[in-house]
Amino acid sequence: MDSSPRIIVTRRLPEAVEHELVTRFDARLNLDDRQFTAPELSAALREADIVLCTLTDPLSRAVFLGAAPALARLLANFGVGFNHIDLAAARELGIAVTNTPGVLTEDTADHTMLMLLAAARRMSEGERELREGRWTGWRPTHLLGTRVTGKVLGIVGFGRIGQAVSLRASAGFGMKVLYHSRRPATADVERRTGAAAVGSLDELLERADFVTLHCPATPDTRHLIGEAQLRRMQRHAILVNTARGDVVDEQALVSSLRAGLLAAAALDVFEHEPAIHPELLALPNVVLVPHLGSATVESRVAMGRRALANIDAFLSGSTLPDRIA
Ligand code: DGY
C-alpha cells in the first residue's frame, strides 16, 4: 500500500485526533467544519484512499457512484451508528467500512439517564421559566414532576448502551428494568445489569413508566414507535430517545403528546435533524437536546482513536477491529 495514503476528514475532530491525523498521514481536514454536500462527498471518495466520515454524511449508493471509477478503499466512520451509509452498496463496490463501538457507551448511558431525569423532573420547563424572569419563588405545588426511583424502566434494544443504561437505572435508582431485544441477553448479562426480558414490545410499552430506545436505525426499526405503540404506553409514561430519530414516528409522537396518551418525551435525536418538527418545539413537556449523547471530550477523543486504529489496521493489511462492511 502507498506509504502516504490520502485521508479526507469530513468534519472537525478533537484537536488531539486531528494532530495525529496530520502528523502521521497526508490528511485533509475540514477546517471550517461545513457539512459536505453530496458532490463534495463523491469528490472526497474519488480523491482519497480513506474517508473519515461522520453521521452527517449521507453516503448513499448515488454518492458512491458519483465518485466512480476511482473510489476510496476505506470509510472509517467516526461514530457507532451507521444508518447514513449504504453498506450493501459499499460491499458491492469493494469499500470497507468501520465504526467506533464501545468507546461512547458509558457517556451515552449517562446522557440517557440525564434526559430521563430532566423529563421526569421538568427541568427544561423550570429553566425556561427562570431565564424568562417568570419565577415568582418557591411554592408547594410548583412544577411537580414524577419520581424516578423505584419505577419501571422499559429498554428497547439491549446492546452495549441499553445494558449500561440498565445498570445505572437498577443499581443507581432502584428501578425495575424490563427489556425487549431481538436477541435475548445471557442470564449472566441480565444478572449483571439487573434487567429482565419481556416477550414483546407491546408488553414492555404497557408495563413501563419510562421507555428508552437503544436499538439501531435499520429499515426494520424505522417508526418502530408509531401511533399504535404510543397508544400502548401508560398515560403517565415518559419516552426517551437517544438512539436515532427514525425509530420514532415524530408526527405520531406529537399527536400522542397532544392527546395525553403519554406524559412527556426527552429527545436527543430527530427524524430530520438538524430540522426539528415545529410542533415539538411548541410542546412544553418535551426535552429537546441537539444530539449530544456522546458529546464528552473523553468519548470524542476515544472515537477518533478508534477510527485511527481501524485506519492503521487497514493500512497494515490486518483484520479491521470494527468492520461493518
Ligand atoms: C453515534 O456514534 O452514532 C452517535 O450517535 C454519535 O454520538
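This is a predicted model: local features need pLDDT of at least 70, side-chain atom pairs count only at pLDDT 80 or more; totals for chains, interfaces and linings use all residues.
View 1. Residues are numbered from 1 along each chain as its sequence is written, and side-chain values use heavy atoms, with hydrogens and water left out. The structure holds one aromatic pair, where rings of Phe, Tyr and Trp (its six-membered ring) pair if their centres lie within 6.5 Å, and planes under 30 degrees apart count as stacked, over 60 as edge-to-face and the rest as tilted. Phe 158 and Tyr 179 form this stacked pair, at 4.0 Å centre to centre and with 15° between the planes. The pair links distant parts of the chain, 21 residues apart, with Phe 158 in the loop between strand E6 (152–156) and helix H7 (160–173) and Tyr 179 in strand E7 (residues 176–180). Phe 158 is also buried, with a relative accessible area of 6%.

**View 2. Strand E6 beside strand E7.** Helices (H or I, at least four residues) and strands (E, at least two) are DSSP runs, numbered from the N terminus. E6 and E7 pair in the parallel sense over five bridges, where pairing requires that DSSP finds at least two bridges between two strands. Within this pairing, Ile 155 stands opposite Tyr 179 in E7. Both faces of E6 are covered, with Val 152, Gly 154 and Val 156 buried on one side and Leu 153 and Ile 155 buried on the other.

**View 3. Ser 166 in helix H7.** Ser 166 lies in helix H7 and is buried, with a relative accessible area of 0%. A polar atom of the Ser 166 side chain lies 2.7 Å from the backbone oxygen of Thr 193.

**View 4. The surroundings of the ligand.** The ligand is surrounded by Leu 55, Gly 79, Val 80, Gly 81, Leu 104, Arg 244, His 291, Ser 294 and Arg 300. An oxygen atom of the ligand is 2.7 Å from a polar backbone atom of Val 80, while polar side-chain atoms lie 2.8 Å from a ligand oxygen in the case of His 291 and 2.5 Å from a ligand oxygen in the case of Ser 294. Taken alone the ligand exposes 230 Å², of which the protein buries 90%.

Terms used
A residue is near a molecule or strand if one of its heavy atoms lies within 4 Å of it. A polar contact is a pair of N or O atoms within 3.5 Å; within protein, one must be able to donate a hydrogen and the other to accept it, and residues adjacent in sequence count only if both atoms are side-chain atoms. Accessible areas come from the Shrake-Rupley method with a 1.4 Å probe; for residues, only the protein chains shown count as cover. Buried means under 20% relative accessible area, exposed over 50%, partly exposed in between (1.4 Å probe, protein chains only).
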